[in-house]
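Here are some friendly notes to read alongside the model.

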Amino acid sequence: MATTVRTAFVRNAPNTRLPLTSIAQFLSHINQERLSALNLIEAYHQHVQHAQAESNAYTSDLTVNIDAPQVQAMLDGLSQPRLMAVPFAVKDNFCVQENITSCASLMLQDFVPAYTATVVQRLLNAGALLVGKTNMDEFAMGSGSIDSWRGAVTNPWDTTRIAGGSSGGSAAAVASRSAIFALGSDTGGSVRNPASYCGLVGYKPSYGHVSRHGLIPLVNSTDVPAIFTHVVEDARTVYDVIAGPDAKDSTCLTTPPPPQRDSKLNKVKVGIPQELNVPEYQPYLGFWRSVAERLEEHGAEVVPVSLPHSEYANACYTVLCACDVASNMARYDGVEFGHRSTASDVSTNAMYAATRHEGFNEVVRGRILAGNFFLLKRSQQEYFLYAAKVRRLIVQDFTKVFDKEVDVLCMPVTFGVAPTLEEFKKLDNRTQQELQDLFTVAASLAGLPAISVPIAMEGHLPVGIQLVAPNRQDNFLLDVAQHVESLYKFHEKFSLGL
Ligand code: GLN
């Protein structure tokens, strides 16, 4: 791979404007002005430094080696890969060979994986250039990217506010135009939430459509590699490159998806979950109603639907997540890889305990403890198995509405614009999750494709809307998202002015 790790970030503002925000724009620029391509790549590198200085978006930057033969071959026109020289960033929980993959945790601060995640490899094979690994909540446990060993990520639209989480670094990287697109992981909402707060498209594909090989796990049954872009078309392009079966991930589906539903707006039935339409949420959800009305004006049929069990989604996720965390984190014991404490050499067990105490933050330790409790023989039935049953009911609610009533659901992503760091920090991680994941986590439990599309500004801050489609109707979802995008034209109207 044509990259080398640089550890020191330079604090300087970019001196080159980068108006390019879509893959198509970038490629046409490169194709027309091949000679200035190197300057363009260098300009992105400057923006990485800027995104780091302003938003703490990265955990490491990877200087693209522009002399590398494959980069030169691209720029000399000898090869024309699909994502030729397109700069992208990757959340620091995706393994990249020979580069530190830290999950923003002291535990993995020096961990250098022996292989590259399938999704990253596919992007590199398509010619994209990796500019850096992005900051996140430690091991992706969080909703605001403030629980990172590398410090909080801040929102490029207003650096007193959170960027959302847990993939906040990837969102900040794209919003501040240091990368044209970025990968995050969405387990309960971690890409849709920061996308909404940072004015981006955040697309979580159907579970099983995109390989998890090389993604350090949080909740194995809901983790999905997901995509940040400025426009829906780019999310589709990146998805096309990374999706598809992978022999290295047995949960990757090998059968083709069912036929696509008709996505002409006058053929689409949009469902509005009534459980969310309650007086206590009303003050926050004006944008949601406006989208429903606009879709109706443009020919879609909008109907109320019921998802009676989704109110338990957060509680259900909390239990299932902790159980997976308890087993997934067991590997970090100071022996095979990662941090090893020197504080105690009394016994192996004491070394394990000290290592884990030093290496993990309080959030991770808390979830490990909770998960081990939920999995105890005496509590398993009451917690783990009960949560698994509730999850089934949540899935059945979605199946019912998508089989019989509607083609797509329209929901809020968050309660509004990004909160300030100060107000967010007052809440504990669990309460943050309850508020931030309220609208996103049910679709994760059901493995459904879901997308956050930026629609409007409230004051100086962006806000998005969420669409959720039936299982494996990813292309249909992207079509509907493109309709919504064209109704609001967020991307044409609002820009950070970098
Ligand atoms: N906020 C949720 C959690 O803390 C989801 C995180 C995610 O999607 N990675 O577990």
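1. Helices (H or I, at least four residues) and strands (E, at least two) are DSSP runs, numbered from the N terminus. The model is predicted, so local features need pLDDT of at least 70 and side-chain atom pairs count only at pLDDT 80 or more, while totals for chains, interfaces and linings use all residues. Residues are numbered from 1 along each chain as its sequence is written, and side-chain values use heavy atoms, with hydrogens and water left out.

2. Let us begin with the backbone. Most residues other than glycine have a negative phi, and most peptide bonds are trans. The bond from Gly165 to Ser166 is cis, with omega near 10°. Ser166 sits in the loop between S6 and H5.

3. Please look at the residues with positive phi, too. Ala85, in the loop between helix H3 (69-75) and strand S3 (87-91), has phi near 60°. Glu98 has phi near 65° and belongs to the loop between S3 and helix H4 (118-125). Burial separates the two: Ala85 is buried at 0% relative accessibility, whereas Glu98 is exposed at 64%. Here buried means under 20% relative accessible area, exposed over 50%, and partly exposed in between (1.4 Å probe, protein chains only). Arg177, which follows H5, also has a positive phi, near 60°.

4. Eight of its eight residues are buried, so H5 is largely enclosed by the rest of the structure. Among the buried residues are Gly168, Ser170, Ala172 and Val174.

5. What does Pro194 touch? Contact means heavy atoms within 4.5 Å. Leaving aside neighbours within four places in sequence, Pro194 is in contact with Ala163, Gly164, Gly165, Ser167, Gly168, Ala171, Gly189 and Phe228. Pro194 lies in helix H6 (residues 192-198) and is buried, with 0% relative accessibility. Its C-alpha atom is separated by 21 Å from that of Ser221, 27 residues apart along the chain.

6. Arg161, in strand S6 (residues 158-162), is a charged residue by class, and it is buried with a relative accessible area of 17%. Not counting residues up to four places away in sequence, its contacts include Val153, Asn155, Val417, Leu421 and His460.

7. On to the nonpolar cores, each a set of buried Ala, Val, Leu, Ile, Met, Phe, Trp, Tyr and Cys residues joined through side-chain atoms within 4.5 Å. The largest has 153 residues, of which Val120, Leu123, Phe139, Leu183 and Leu409 touch the most other members. Helix H9 (residues 313-328) gives the most to this core, with nine residues. Beyond its neighbours within four places in sequence, Val120 contacts Phe88, Val90, Phe94, Cys95, Val96, Leu130 and Leu183. A second, separate core of six residues includes Ile146, Ile162, Ala418 and Leu421.

8. Val238, in helix H7 (residues 232-242), is buried at 0% relative accessibility. Apart from neighbours within four places in sequence, Val238 is in contact with Ile23, Leu123, Phe181, Leu183 and Ile227.

9. How many cavities of 30 Å³ or more are there? On a 1 Å grid over the protein atoms alone, a cavity is a set of points where a 1.4 Å probe fits but cannot get out, and lining residues have an atom within 4 Å of a point. Grid points are joined across faces, edges and corners, and a volume is the space filled by probe spheres set on the points. The count comes to four.

10. The largest cavity has a volume of about 80 Å³. Its lining has 13 residues, with Ala140, Gly142, Ser190, Tyr317 and Asp437 nearest the centre. By class, the lining divides into three nonpolar, eight polar and two charged residues. Classes are as follows: Ala, Val, Leu, Ile, Met, Phe, Trp, Tyr, Cys and Pro count as nonpolar, Asp, Glu, Lys and Arg as charged, and the others, Gly among them, as polar.

11. The second largest cavity, at about 70 Å³, has a lining of nine nonpolar, four polar and no charged residues. Helix H8 (286-297) and strand S14 (461-468) each supply at least two of the lining residues.

12. Finally, the cysteines. With a disulfide defined as a pair of cysteine sulfur atoms within 2.5 Å, a search of the whole structure finds zero. The sulfur of Cys103 is 7.8 Å from the closest cysteine sulfur, in Cys95, too far for a bond. Cys103 is buried, at 1% relative accessible area.

Methods:
On a 1 Å grid over the protein atoms alone, a cavity is a set of points where a 1.4 Å probe fits but cannot get out, and a pocket is an open set with protein on both sides within 12 Å along at least five of seven lines; lining residues have an atom within 4 Å of a point.
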